[in-house]
Amino acid sequence: MNNLDKQYLDLLRDIKENGVRKVGRNGATYSVFGRQIRHDMSEGFPLLTTKKMWFKGIRTELEWFLNGDTNIKYLVERGNNIWVGDAYKRYKEYFKGESERIQKELNKNNFAWSDSLYADRIYNSEQEFIKEIKNNNRFAEKWGDMGHIYGWQWRKWEKYIVHSKQKVHGKVDNFYIINTIIEQIDQIQNLIDDLQNKPDSRRIMVNAWNVGEIDDMVLPPCHYGFQVWTRELTLKERKELFKEKFDRTIEDFDAEWETNGTSYEEDLDFNNIPKRGISLIWNQRSVDTPLGLPFNIASYGLLLKMIADEVNMVPLELIGNLGDTHIYENQLEGVEKQLKRESHPLPTLFVRDGIYSRGEFDIVLENYESEDKIEFPLSN
């Protein structure tokens, strides 16, 4: 059994045996706290094989984050509805018992119901809601936006700067008018810049947990931050990479280097062989282990590959720090099924354009074999 699937199945058993039953906002769970997943990227791309994983969904969601987008229209247009449940839940809660109030507001402003954002009626199924998100830009703008979630914080974190301070003299008290401007911080670009210019920094990290905006998000971040770490590769490691790139033996290269009188380093640098390896660790406060965690592992594995390609480094280790790690009670049947399965060799993955890779031609998954899909309920 490959090591990733083994770790994952061991975690499921751990939760089953040691989990404490809790009843939360969206159902009963069995929960443990403070677990970790570690994966050596040289063993293959971290996509579980003990059940069939939907890689297109993983890829399109990460692309959405990296675009800085927060509207699910991008996702549903690509057949990815994983965020629809949260958006539709907010939509239904808003309209619960609100029909009469809405009609009064429309009448007061001389709007017909058909002219409103509500598209003639309240949508009573997710499929109707999805269709309207796809086809009605005005509707999607209002009801498809998830607030300042991952993509926004990764690429548009807002920083308020005092621009000017003006004293105003009043009859009773003097007071100040403070004018501010907003600067958006692109944490992903900052991370790339730091990797290129100061790769040994201990501050190369991205945070999605913006305390001041949590209440404005449809769902607070579950995986709330990640950090990368790099090291120099040894000459032996670089020679192995050279060998893999040109599909020849080290002995052949040794003979050529000796004949040509050139140094290993010169030829390695000339052929753009990476000088550094990079690892990524992510932190997660809430972990839906049967459904969400396999998605998160592969998503951060893909992100690590994209970052490594962008800065010409080799992916080393992927690490997940897991807080409240749980199985929902209605997922136990599927867990039992998965625990009885054997694994397959891990697949390989290639990216062609660093963090700008988009679509199946830029992000290519090969040799993926798995057991059948398991339907796990999603608890929004």
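Residues are numbered from 1 along each chain as its sequence is written, and because the model is predicted, local features need pLDDT of at least 70, side-chain atom pairs count only at pLDDT 80 or more, and totals for chains, interfaces and linings use all residues. Side-chain values use heavy atoms, with hydrogens and water left out.

**The whole protein**

The protein has 14 helices and 10 strands; these are DSSP runs (helices are H or I, at least four residues; strands are E, at least two), numbered from the N terminus. Of its 380 residues, 47% are buried, meaning under 20% relative accessible area, while exposed means over 50% and partly exposed is in between (1.4 Å probe, protein chains only). The accessible surface is about 20300 Å², with 47% of that belonging to carbon and sulfur atoms; areas come from the Shrake-Rupley method with a 1.4 Å probe. Take the contacts (heavy atoms within 4.5 Å) between residues at least 6 apart in sequence: 73% of them join residues at least 24 apart.

**Two helix pairs**

Two packed helices are described by the angle between their axes and the distance between the axes. Axes are lines fitted to C-alpha atoms, for helices over the stretch in contact, and angles run from 0 to 180 degrees between N-to-C directions.

| Helix pair | Angle | Axis distance |
|---|---|---|
| α2 (residues 55-66) and α13 (residues 292-310) | roughly 55° | within 10 Å |
| α4 (residues 84-95) and α6 (residues 126-135) | about 100° | 11 Å |

That angle makes α2 oblique to α13, whereas α4 and α6 are roughly perpendicular. The cut-offs are under 35 degrees for roughly parallel, over 145 for roughly antiparallel, 65 to 115 for roughly perpendicular, and oblique for the rest.

On the α4 side, Val84, Gly85, Ala87, Tyr88 and Tyr91 meet Glu126, Phe129 and Ile130 of α6.

For the other pair, Phe55, Gly57, Ile58, Arg59, Glu61, Leu62 and Leu66 of α2 touch Phe295, Ala298, Ser299, Leu302, Leu303 and Met306 of α13.

**Two residues to look at**

Is Arg59 buried or exposed? Sitting in helix α2, Arg59 counts as buried, at 8% relative accessibility. Neighbours within four places in sequence aside, Arg59 is in contact with Leu302, Gly359, Glu360 and Ile363.

Glu375, by contrast, is exposed, with a relative accessible area of 63%. You'll find Glu375 in the segment after β10 (363-366). Glu375 and Gln331 are 44 residues apart in sequence, and their C-alpha atoms are 8.9 Å apart in space.
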